[in-house]
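I opened this notebook to record what I looked up in one structure. The entries follow the order in which I worked.

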Amino acid sequence: SLLLGPILGLYCRAYGGYPLDYVWTAGPPWFILWLLNFTMIYAVIAQFAAPVKMNMPHPVILLLFGAFLSAAFYGAAVGVPEVWSSLGNMVMWKFGIGLYVPFFTAGIIAGRNDWMKSVEEMETWCVWMLRTIAVGFWVLIFCTVGGWLSFIPNFNVFMTANSLIPPVFAVPMTLALIQFFHQYFNG
């Protein structure tokens, strides 16, 4: 991050024709830093904690978990002051609390318990339900960004949707994409 962030800034400034100067920024490697942090925390915890054995929950249960994550995401968005939002070079802690940590943990549990088999053997109605939900969220996001849902006076639909949608959208999107790539590219 000491090198890649400033190099990205230098490249952008050179491309734009601005004077070049070295400015430290975290840049895109902040995500790599936090993946390393999560991995080190997992390596320490894995030495002492007993492995968690569990079958993959039904996708509808996972959608409900996404709604719970949405509440945590919104709570972090509202509750974490702006000055603390980039603590430890994390870009917006609401994503860290509502998405990155839970998905990293779910990935570990899924890998240890072979959840991929359950995703591969998902029933057709369930697959199409996940795909429909994902596309429905795309439509909702596009309508929100386009301002087509701003019919309630003095209510910022975009900010509310932006604070609630990411986790509840990420769960069906992740499952639908994994199943889609298995069905059409790996199967």
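**Entry 1: Source and conventions.** I worked from a predicted model, in which local features need pLDDT of at least 70, side-chain atom pairs count only at pLDDT 80 or more, and totals for chains, interfaces and linings use all residues. I numbered residues from 1 along each chain as its sequence is written, and I noted that side-chain values use heavy atoms, with hydrogens and water left out.

**Entry 2: Overall content.** I found seven helices and zero strands in the protein. I took helices (H or I, at least four residues) and strands (E, at least two) as DSSP runs, numbered from the N terminus. From the N terminus on, I read the order of elements as α-α-α-α-α-α-α. I then looked up burial, where buried means under 20% relative accessible area, exposed over 50%, and partly exposed in between (1.4 Å probe, protein chains only). Buried residues make up 28% of the 187 residues in the protein.

**Entry 3: Helix α2.** Helix α2 has 19 residues and reaches 28 Å from its first C-alpha to its last, close to the 27 Å expected. I listed Trp30, Trp34, Asn37 and Phe38 as buried in α2. They cover an arc of only 95° around the axis, which puts them on the same side of α2; the arc is that of the directions from the helix axis to the C-beta atoms. On the face of α2 turned away from its buried side I recorded the exposed residues Ile32, Leu36, Met40 and Gln47. I also looked up Leu35, which is placed in helix α2. Leu35 counts as partly exposed, at 36% relative accessibility. From C-alpha to C-alpha, Leu35 and Tyr100 are 9.0 Å apart in space, although 65 residues separate them in sequence.

**Entry 4: Helix α3.** I repeated the check for α3 (residues 59-79). Its 21 residues should span 30 Å at 1.5 Å a residue, and the end C-alpha atoms are 29 Å apart, which agrees. I noted Pro59, Leu62, Leu63, Gly66, Leu69, Ser70, Phe73 and Ala76 as buried in α3. Their arc around the axis is only 130°, which puts them on the same side of α3. The face turned away from that buried side carries the exposed residues Leu64, Phe68, Val78 and Gly79. An α-helix has 3.6 residues a turn, so residues three or four places apart point the same way.

**Entry 5: Largest pocket.** I searched on a 1 Å grid over the protein atoms alone, where a pocket is an open set of points where a 1.4 Å probe fits, with protein on both sides within 12 Å along at least five of seven lines, and lining residues have an atom within 4 Å of a point. Grid points are joined across faces, edges and corners, and a volume is the space filled by probe spheres set on the points. The largest pocket holds about 500 Å³. I counted 21 lining residues, with Leu62, Ala106, Gly107, Ala110 and Trp115 lying nearest the centre. Helices α3, α4 (93-112), α5 (115-120) and α7 (157-186) each supply at least two residues of this lining, and α4 gives the most, with seven. By class, the lining has 18 nonpolar, three polar and no charged residues. Here Ala, Val, Leu, Ile, Met, Phe, Trp, Tyr, Cys and Pro count as nonpolar, Asp, Glu, Lys and Arg as charged, and the others, Gly among them, as polar.

**Entry 6: Second largest pocket.** I recorded a volume of about 330 Å³ for the second largest pocket. It is lined by 15 residues, and Tyr42, Ile45, Thr105, Ile108 and Ile109 are the closest to its centre. The elements that give two or more residues to this lining are α2 (30-48) and α4. Helix α4 again gives the most, with six residues. I classed the lining as 13 nonpolar, one polar and one charged.

**Entry 7: Loop between α4 and α5.** I found Asn113 in this loop, where Asn113 is buried, with a relative accessible area of 16%. A polar atom of the Asn113 side chain lies 2.9 Å from the backbone oxygen of Ile109. Asp114 is found in this loop too and is partly exposed, at 48%. I noted a phi near 55° for Asp114, a positive value in a residue other than glycine. Most residues other than glycine have a negative phi.

Methods. The expected span of a helix is 1.5 Å times one less than its number of residues. A polar contact is a pair of N or O atoms within 3.5 Å; within protein, one must be able to donate a hydrogen and the other to accept it, and residues adjacent in sequence count only if both atoms are side-chain atoms.
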